[in-house]
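The entries below record what I looked up, topic by topic.

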Amino acid sequence: MRITSIDIVGYGKWSDAHFNNIADFQVIFGENEAGKSTIMAFIHSILFGFPTRQQSIPRMEPKNGGPYGGRLTLEDTRLGNVIIERLKGKATGDVRIYYGDGQIAGEESLSEIIGEIDRNTFEAIFSFDIHGLQNIHQWKKKEFEKYLLATGTTGSDALLKTAETLQKKLDALFKPSGRNPVINQQLKKVKESQQAFQEAKKQNTKYELLLAEKEAEIARQTELQVEKTTIRVELDTINTLQDLWPIYQEWKALEEKTLHTSETTFPPDGIIRLEHLQLKEKEWQNQLIQLEERQKNLINKNNFEHSAFFAENETEISYLVETYGAYSERQVQLNNLKQEINYYQTDATLVPKKWTKELDKKILRIKTIEQSNNQQQHDVQLELKLTQETAEKLQKKIDQIETNMWENKKFQHEKEKLNQQEKTPITKLAVSIGVFMAALLVLIIFQSIWSIAFVLIAGLISVFIFLTSNKTTPANNQQILTFLEQQKSRQEWQQLLSEMDIIASQIAHLEERQDRLNKAQYECTLELRGIFSDLAMKEQPDENWETVIQNYKENSEKNQLATELKIKLAPIEEKQETYKSRLNNLDLPTENNDLEENISFLRQGLLFYRNNLTENAKLAEKMEQVTMQLELVKQDLLLVEKEKRDLLEQAKVNNEEAFRLAALRVKEEQKWRERLVLLEAQLEPEKRTALKQFQNQAIIKEKELQLEEALRKTELEQEKLHASLAAKNHEIRNLEEGGTFAVLMQEFYSQKSKLQQLVEEWTETKLALEILQKAMQSLQEGKLPKTLRLASEYFSHLTNGNYNKVYLQDNRLQVESKEVVIFFPEELSQATKEQLYLAIRFALIDVIHKDFPLPIIIDDGFVHFDSSRMLQMMELLQQRKSTNQVIFFTCHQETRKYFSSEDIRML
């Protein structure tokens, strides 16, 4: 069957729209909101009727209130070329069918054209979009058989509905693990009435004993709850202390250092102030020296004996004198650097390797991994303990059930015996009917008084056989009841075994995870040992390895700082040596070896040499000026010396070298005191007090394990008390509400009789359902295997042979890869899962094609396909167009390359 023309009078956004000459493989392209899905819904509505207002499917009536409906032109149907027209009328619309010879028919002939198929089945097999492709993992064997039966048998809906009705009736009567079905409720009532009947004689003496035991258990339960709360609070505290232990260790070390170290007093900006005073002192001393020399020169005011020397070397002498101040400053800087080098320099054998940023990153990573492993190990141990406790509880339940459960051989024997008893009444009924029919035949043939008597006798015999066939002894009822109880116990036993398998798998997974964590911890230890070895450290890492590493890092950084200071020292020493070399090259006319005195000689000689050239008239005036300046410089020099003494007194030292060492100590002390303040902010006083009780972290861990064990024992005892208390409350309630012995006995037999009637009704319904299911199975025998075989072929083709088999196992759809690995649909990728769904659809279409040669309608069903999957899909659809017409709606530009412009209809 092919759709050759779509004429929309009014439907959704479309009004008076016509789509003619639709090809065997027709692509309809349009952007979002272009109306593609509306055309697809229009085809469904014309073939199967407009949706009613009670359905969730939108009716798509025109918003402007215009005409509603349209027509489809079909070719190659069972009745030839036809036009199906559906317009607004009754709820699903008024239908007219126009045949090629001019005849007109109504909706009753529609099934002759499209077959006995409803809208849901059509959309499940022939018409779909991306949402329909995402539900394949929900299909089970029942869905496959439903579609195969519903599309292959006349009147199959009635069979399906009858089967569903019978199954619902069976479920309403009895479920092996149910609570609400009538027989389950009646079984419960029979058990309760039987228990009440058996226990009626014991009520009075037992009641008081139960009350006393209940009061004792309530008191004990209250005590356990208080203990449990106390243990939980203490356990939380221990966990917190364990996390704070490394911080506490560092704080404790700094606190002990504080106790053994008195806080050093040092003036603020002491070094800067000292250096400033030294520069001023040097400056005043130089001025003082210059003024004294000038004064001597003025006093002498006679000819200078070294005039030739100064005249020859005036430029060099002038340079040396002028740069002596810079030389002095460099000398001060040089002394300071040497002092700092001596302070930072440590024994190189203790830290033979240089500390790097890469080492910082490694240490931080190892510390992070170690903390994470400790936390994960704690979580895994706790979860493993809880899972093992659950397994023990399940094992106790299994052992309890097995003590009362029949052996399998006995259970099967009782089951066969019960089935044989159910067949006997049916055989007797057939015999009675046969005897009566034979007597009637005799009456018809002979028509005499004796024949009438014979009929009466035969009737009495038949009635007797019928009545005896319906009688069942109480013993049989008791057997059925016992068998049903055993059946229920066996099912519960099997369920518990399945749960035990799951829990065993969980325990194995947790143990495996614990092994991985231990391995990771061992790897961290190996890496840490490697770091210790690389650093040439003699110690082996222990629980205080962080402190050892920190000390090594600090010593290494000090050595590095000393090295950097030495690098700064070299150019300064070079400049000083150059200055001394130039001074020595002058060949001074004095025998003085002191550099400062030599410079003083040069300065005085240079001044005298230059001043000797001036007029003697100016000597007196200059002498007076020099004397005044000399007094002022001395006063300034005394003030500087006083300020320097005051600065040294504030630092409580006697010399400048001790002052500089004190500054370095203060700087270091300030650093670790700031760290101590930070640690004290992180450790509350009560936390420090609590941590003082433990010598090491292992004791905290041991305390944690003791508390966890105590908590587990308390919770286990609570569970036992809770179960015991619930049982006693139930027993007391039964004793308080129970009736007299005679009333309870009458109630027991009454409930037992009702149960017998319900069991008979369930047996009759079960037999009817089995007969109907056998009839349905014979109707669709052979279709399901063929469908799965075809689906396997399509799926293998679409996946390039990566998957070669599709089958049903345990009522679930499964696929097998070329590596013989089994997957459920939900375990496949989204695109592969959609390929599986398409393969099943095409297989179903092939199986039912003889009866239903309907077109395939697709609305953007391949959005998750890559280019290779899309190419395979398009090739397969090109092959299918000779069997089924294909109408493909899409909004994706990349799909257009697979078709010519003549095959694409633009919206």
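**Surface and overall make-up**

I took accessible areas from the Shrake-Rupley method with a 1.4 Å probe; for residues, only the protein chains shown count as cover. On that basis I get about 53300 Å² of accessible surface for the protein chain. Carbon and sulfur atoms hold 52% of that surface.

A note on the source: this is a predicted model, where local features need pLDDT of at least 70, side-chain atom pairs count only at pLDDT 80 or more, and totals for chains, interfaces and linings use all residues. Residues are numbered from 1 along each chain as its sequence is written, and side-chain values use heavy atoms, with hydrogens and water left out.

I counted secondary structure next. Helices (H or I, at least four residues) and strands (E, at least two) are DSSP runs, numbered from the N terminus. The protein chain has 25 helices and 14 strands.

Of the 907 residues in the protein chain, 39% are buried.

Contact means heavy atoms within 4.5 Å. Among contacts with a separation of 6 or more in the protein chain, 76% join residues 24 or more positions apart.

**Nonpolar cores**

I define a nonpolar core as a set of buried Ala, Val, Leu, Ile, Met, Phe, Trp, Tyr and Cys residues joined through side-chain atoms within 4.5 Å. Which residues have the most contacts inside the largest core? I find Ile 6, Phe 126, Phe 862, Met 873 and Met 874, in a core of 83 residues. Helix 24 (residues 830-848) supplies the largest share of this core, with 11 residues. A second, separate core has 19 residues, including Ile 231, Trp 672, Ala 690 and Leu 691.

I then followed Phe 862. Leaving out residues up to four places away in sequence, Phe 862 touches Leu 838, Met 870, Met 873, Met 874, Leu 877 and Phe 888.

Helix 25 (residues 867-880) was my next stop. Its 14 residues reach 20 Å from first C-alpha to last. That is close to the expected 20 Å at 1.5 Å a residue, where the expected span is 1.5 Å times one less than the number of residues. In helix 25, Met 870, Gln 872, Met 873, Met 874, Leu 876, Leu 877 and Arg 880 are buried.

**Aromatic pairs**

Rings of Phe, Tyr and Trp (its six-membered ring) pair if their centres lie within 6.5 Å; planes under 30 degrees apart count as stacked, over 60 as edge-to-face and the rest as tilted. My search of the whole structure finds 11 aromatic pairs.

Phe 50 and Tyr 68 are a stacked pair, because their ring centres are 4.2 Å apart and their planes are at 25°. Both residues lie in the loop between helix 1 (36-48) and strand 4 (69-77), so the pair ties together parts that are 18 residues apart in sequence. Phe 50 and Tyr 68 are both buried.

Tyr 803 and Phe 823 are edge-to-face, because their centres are 6.1 Å apart and their planes are at 75°. Tyr 803 lies in strand 9 (residues 803-809) and Phe 823 in strand 11 (residues 822-823), so this pair ties together parts that are 20 residues apart in sequence. Tyr 803 is buried at 16% relative accessible area, whereas Phe 823 is partly exposed at 24%.

I also find a cluster: ring pairs link Tyr 11, Phe 42, Phe 50 and Tyr 68.

**Charges over rings**

A charge sits over a ring if NZ of Lys or CZ of Arg is within 6 Å of the ring centre and within 35 degrees of the ring normal. The charged end of Lys 13 sits over the ring of Trp 14, 5.8 Å from its centre.

**Single residues**

Is Arg 490 buried or exposed? Arg 490, in helix 15 (residues 474-534), is buried at 10% relative accessibility. Arg 490 and Asn 408 are 82 residues apart in sequence and 9.4 Å apart in space, C-alpha to C-alpha.

Ser 817 is in strand 10 (residues 812-817) and is buried at 4%. Leaving out residues up to four places away in sequence, Ser 817 touches Asn 802, Tyr 803, Asn 804 and Phe 823.

Asp 16, in strand 2 (residues 14-20), has phi near 55° and is exposed at 57%. Met 60 has phi near 60° and is partly exposed at 26%.

Conventions: Buried means under 20% relative accessible area, exposed over 50%, partly exposed in between (1.4 Å probe, protein chains only).
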